[in-house]
Amino acid sequence: TTKKVTLFTYNVGVFSKYTDDSTPAVADLIAAAGADIAALNELDSCNRRHNVHQLEALADILGGRNHHFASAISFAGGSYGNGIVTKDGISSSYKLMLPVFDGSESRSVAVVETKDYVFASTHLDHKGEYAGVEQARIINKWFEQRYSGESRPVFLCGDMNSRPDGTAVGVLLEKWDNISGDAPTYPSDSPRSCIDYIFCLKSARPIISADAVLLSSADISSVSDHLPVVVSVSY
């Protein structure tokens with residue numbers, strides 16, 4: 001039986017890059033895309049910058065969807081990290097921590113398992129000479145050990161801070177297929193670089209097809225400094 005799932009990834013810039021609160025606009029984009037599951041980067045949780053659990057607030061606007069937050073650092077009395085919001089039931093959830101190396105801060109990977117697939121959201125370092133590369137190696141090792149031979153497809157999404165020919169993406173491509181393409185995702189007002197991706201683990205269940213769409217318009221470019229990426233997958 002062929003199954004379908006629509007995946008979505010977006011660096012939301014703590015919902016305040018260009019407006020006080022872009023949470024409703026992001027919720028509208030997720031709903032309009034028909035996304036079953038979404039990876040979000042740059043989320044605040046109950047800190048002095050935003051005294052709200054931003055992922056919970058987004059899930060509530062979307063009608064109470066399931067969600068999983070993976071804090072990466074303690075920040076301003078609360079935390080900051082990556083998250084996932086989904087229509088589907090979450091059977092297991094994990095947080096993989098990625099060390100600082102020579103980068104700016106530790107990073108995280110939020111991982112959820114559903115009945116039909118595994119889905120992860122991460123944000124690699126933007127500053128260090130090899131931090132993003134080493135973080136990519138840790139991701140490869142963890143997912144290979146846990147999911148090689150997995151009967152469900154396994155997806156990795158997020159802001160990798162690496163172009164398609166970049167070293168960190170090169171490391172990821174040893175174990176993952178890029179199913180979102182290389183259309184520029186940053187900056188949103190005049191995109192020049194592809195740094196946001198959706199990958200599928202090569203050693204897990206293969207997919208049949210992937211139809212990728214980059215959401216881009218004047219309205220969207222005012223929501224965050226990145227563009228959201230959507231991929232509809234059949235498997």
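Reader: Are α1 and α2 parallel, antiparallel, perpendicular or oblique to each other?

Author: This is a predicted model, in which local features need pLDDT of at least 70 and side-chain atom pairs count only at pLDDT 80 or more, while totals for chains, interfaces and linings use all residues. Residues are numbered from 1 along each chain as its sequence is written, and side-chain values use heavy atoms, with hydrogens and water left out. Helix α1 (residues 23–32) and helix α2 (residues 54–61) pack at an angle of about 55°, with axes 9 Å apart. Angles under 35 degrees count as roughly parallel, over 145 as roughly antiparallel, 65 to 115 as roughly perpendicular and the rest as oblique, so α1 and α2 are oblique.

Reader: Which residues of α2 make the contact with α1?

Author: Contact means heavy atoms within 4.5 Å. On the α1 side it is made by T23, P24, V26, A27 and I30. The α2 residues are A57, L58 and I61.

Reader: Is strand β7 enclosed or open?

Author: Buried means under 20% relative accessible area, exposed over 50%, and partly exposed in between, with a 1.4 Å probe and protein chains only. In a regular strand the side chains alternate between the two faces of the sheet. In β7, V118, A120 and T122 on one side and F119, S121 and H123 on the other are all buried. With six of the six residues of β7 (residues 118–123) buried, the strand is therefore largely enclosed.

Reader: In which sense do β7 and β8 pair?

Author: Two strands pair if DSSP finds at least two bridges between them. Strand β6 (residues 107–113) pairs with β7 in the antiparallel sense over five bridges, and a hairpin of four residues joins β6 to β7. With strand β8 (residues 154–159), β7 has six bridges, and the sense is parallel.

Reader: What is the relative accessible area of I220?

Author: I220 lies in helix α5 (residues 218–221). Leaving aside neighbours within four places in sequence, I220 is in contact with Y10, L29, L215, L227 and P228. I220 is buried, and its relative accessible area is 10%.

Reader: How far apart in space are I220 and A25?

Author: In sequence, I220 and A25 are 195 residues apart. C-alpha to C-alpha, the distance between I220 and A25 is 8.5 Å.

How values were computed
Axes are lines fitted to C-alpha atoms, for helices over the stretch in contact, and angles run from 0 to 180 degrees between N-to-C directions. Helices (H or I, at least four residues) and strands (E, at least two) are DSSP runs, numbered from the N terminus.
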